[in-house]
Amino acid sequence: MNFLKSLFVSVVVLVLVGCGTTIVKVDGDQVVNGRMRVSLSEAWNKVTPAGGNQPYEVWTQEGMALDQLRLWAALPAGSNLVAPPKNVPSGQTAPRVPTFTAGMQPDQLVNLFEVLYAIDGSMVSIGKVEPTVFAGERGVRFEFAVTRKLDGVQLSGVGWAAVRKNELYAASFVAPRLAFFPRLAPKVERVVQSALIQG
Amino acid sequence: MQRFARPSLDTDEGGLWAMMDREETRLRRSPFLLRDKALTQYVQDLACRLGGDHCPDIRVHIVRTPLFNANMAPNGMMQVWTGLLLRVENEAQLAAVLGHEIGHYLERHSTERMRDAKSRLAFAQFMGLFGVVGALGQLGVLAGAFAFSREHETRADRLGMQLMQRAGYEGQQAAQVWENLLGELKITGGEDVGKRSPMMATHPPVETRRSDLLQLAGEGGGKLGVAEFRSVTAAHRMDWLQDEIKRGQFEESLVLFNRMLAAQPEDAQALFARGEIFRQRAGAADLPKSLADLTASVAQEAAPVQAYRSLGLVHRQLSDTTQANQAFEKYLSLAPDASDANLIKNYISGATL
């Protein structure tokens with residue numbers, strides 16, 4: 001009974017009818033892909049879309065349409081940052097998706113995320129780019145703006161990326177430029193500041 | 001041909017117009033709408049010359065999206081995407097595409113298509129092509145070119161040819177549009193893509209369409225309008241090239257940029273764009289190619305400032321610190337407030353990631 005109670009209290013699983021998306025409450029210490037530990041001072045919602053085979057975790061505070069924090073940990077060289085589309089017409093090959101390769105420089109890592117957010121036809125412009133430390137490694141921090149193709153909403157974004165032993169560790173966050181981003185960005189900064197590579 | 005009266009709201013066609021009116025209201029507010037009066041007026045004037053008596057009913061909107069697409073809704077709303085403007089080489093090719101869309105409009109194909117749609121999903125997919133969003137990812141570079149039936153496409157090709165030739169343009173340019181697109185289509189569609197439709201088995205193969213258009217065009221010459229087209233699009237071209245690069249479809253972009261450079265080998269913007277694609281793709285043989293293109297770009301008087309940045313990054317990857325720093329210094333002198341200035345200064349200082 002205790003097990004059921006703690007499961008009920010600590011994990012809220014919503015199975016959205018018709019799409020199979022699951023949302024789980026995450027809190028305290030979390031480990032992304034078994035390799036990057038983050039300490040959460042407040043709860044987030046971890047979202048796994050239907051058939052979720054993405055190489056990153058996605059967390060949100062207010063819902064996927066409003067804010068998304070994506071986290072990559074120990075992504076090996078040669079891996080895609082996002083799964084290629086499945087519904088490719090017969091006889092066609094899938095379009096390219098951004099791929100992390102060994103030896104990428106900070107500017108090239110930023111390019112990966114620029115393409116990642118522009119891939120659906122959204123307009124992306126990269127803002128301030130500067131060296132930083134992420135997950136205990138020297139890396140790059142970048143700011144960006146997205147005009148979302150789906151609905152024209154103006155989003156602000158921020159990202160971090162670092163490479164260790166030819167594996168990519170990264171985080172990126174987007175939310176509507178007005179109200180949501182200014183309110184949520186400090187929470188994201190706290191998550192990112194706590195990130196540490198394991199092993 | 002007589003102008004169309006607005007259909008009554010209690011008819012299916014009236015309902016379609018009302019939906020398109022709402023979409024147009026949305027489009028007018030969209031951040032994707034390119035608000036350049038001169039460019040919009042230029043395309044509007046061209047559409048008017050093609051549309052003749054229907055000119056007062058045609059309203060052109062330029063939409064900033066890096067895919068080849070134009071469409072015309074039954075209420076007269078015409079969308080022209082910037083990926084199309086980047087790809088056509090002259091006014092005659094633009095006239096060919098707009099003439100084709102006006103052909104669909106004159107024959108009210110969208111109304112027929114609406115009545116043919118067998119399901120809500122089919123109708124939604126068809127309607128989606130007229131929205132600001134369009135059916136993006138799935139259709140790739142040729143977004144929206146397969147909204148209509150084979151018969152509709154053939155008729156629109158014929159009508160489009162008549163309209164462009166009546167307006168004084170060289171008809172062969174309509175076939176050239178497909179010829180140019182074929183190279184890009186082969187990247188995801190394979191070498192034999194021209195022998196079939198890249199999207200729908202019911203549609204005429206690209207090669208058939210191209211040869212049919214050549215036959216329709218006949219021998220007659222006509223205006224190309226190269227200078228006018230380049231002049232009116234010049235202010236936006238660098239943005240559109242960068243939008244194309246951000247698609248991340250390196251091989252398709254290389255086909256496009258190779259074509260641009262075959263026409264104008266000293267085109268500083270296209271040299272930058274191709275060099276940047278090679279730099280970002282970073283395959284085994286890409287860096288020397290990138291270096292050659294970017295070096296050629298900065299040798300031009302009209303070199304874009306971004307070419308110096310990219311050149312510095314390539315030199316850095318090739319461990320040529322002196323040349324890298326020279327290019328970076330030039331970049332920072334031309335763009336002192338660049339958003340990545342701190343990163344570039346970090347590179348100049350010799351720090352490593």
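Modeller: Helices (H or I, at least four residues) and strands (E, at least two) are DSSP runs, numbered from the N terminus. This is a predicted model, so local features need pLDDT of at least 70 and side-chain atom pairs count only at pLDDT 80 or more, while totals for chains, interfaces and linings use all residues. Residues are numbered from 1 along each chain as its sequence is written, with chains lettered from A and ligands numbered from 1 in the order in which they are written.

Colleague: Where does S319(B) sit in that scheme?

Modeller: S319(B) belongs to the loop between α15 and α16 of chain B. S319(B) has a positive phi of about 65° although it is not a glycine. Most residues other than glycine have a negative phi.

Colleague: What makes N33(A) partly exposed?

Modeller: N33(A) has 16 C-beta neighbours inside 10 Å, so it counts as partly exposed. N33(A) also has a positive phi, of about 50°, without being a glycine. It is found in the loop between β2 (22-32) and β3 (36-48) of chain A.

Colleague: Why call α15(B) mostly covered?

Modeller: Eleven of the 13 residues of α15(B) are buried, among them Y308(B), R309(B) and L311(B). Their cover includes α2 of chain A, together with α13 (268-281), α14 (286-298), α16 (321-334) and α17 (341-348) of chain B.

Colleague: What makes Q280(B) buried?

Modeller: Q280(B) has 23 other C-beta atoms within 10 Å, so it is buried. Q280(B) lies in α13(B), and its C-alpha atom is 9.8 Å from that of V314(B), 34 residues away in sequence. Two residues are in contact if their C-beta atoms, placed from the backbone, lie within 7 Å. By that rule, leaving aside neighbours within four places in sequence, Q280(B) is in contact with N111(A) and F250(B).

Colleague: Which elements give two or more residues to the side of chain A that touches chain B?

Modeller: First the totals: 38 residues of chain A are in contact with 31 residues of chain B. The elements that give two or more are α2 (106-118), β8 (123-134), β9 (137-147) and β10 (154-164) of chain A. The largest share, eight residues, comes from β8(A).

Colleague: What classes of residue are on the side of chain A that touches chain B?

Modeller: That side has 16 nonpolar, 14 polar and eight charged residues. Here Ala, Val, Leu, Ile, Met, Phe, Trp, Tyr, Cys and Pro count as nonpolar, Asp, Glu, Lys and Arg as charged, and the others, Gly among them, as polar.

Colleague: Why is H109(B) called buried?

Modeller: H109(B) has 23 other C-beta atoms within 10 Å, so it is buried. H109(B) is found in α5 (109-116) of chain B. Beyond four places in sequence, its contacts are H104(B), F148(B), H152(B) and A156(B).

Colleague: And what makes I187(B) buried?

Modeller: I187(B) has 21 C-beta neighbours inside 10 Å, so it too counts as buried. It is found in α9 (172-189) of chain B and touches E251(B), E252(B) and V255(B), not counting residues up to four places away.

Colleague: How many residues does the largest nonpolar core have?

Modeller: It has 133. A nonpolar core is a set of buried Ala, Val, Leu, Ile, Met, Phe, Trp, Tyr and Cys residues joined through C-beta atoms within 7 Å. Among those with the most contacts inside it are W72(A), Y169(A) and A95(B).

Colleague: Last one: how confident is the predictor in chain A?

Modeller: pLDDT is the predictor's confidence in each residue, from 0 to 100. Chain A has a mean pLDDT of 89, and 90% of its residues reach 70 or more. Over residues 1-18 of chain A the pLDDT is below 50. Where pLDDT is low, the predicted coordinates should not be read in detail.

Conventions
A residue is buried if 20 or more other C-beta atoms lie within 10 Å of its own, exposed if 12 or fewer, and partly exposed in between; C-beta atoms are placed from the backbone.
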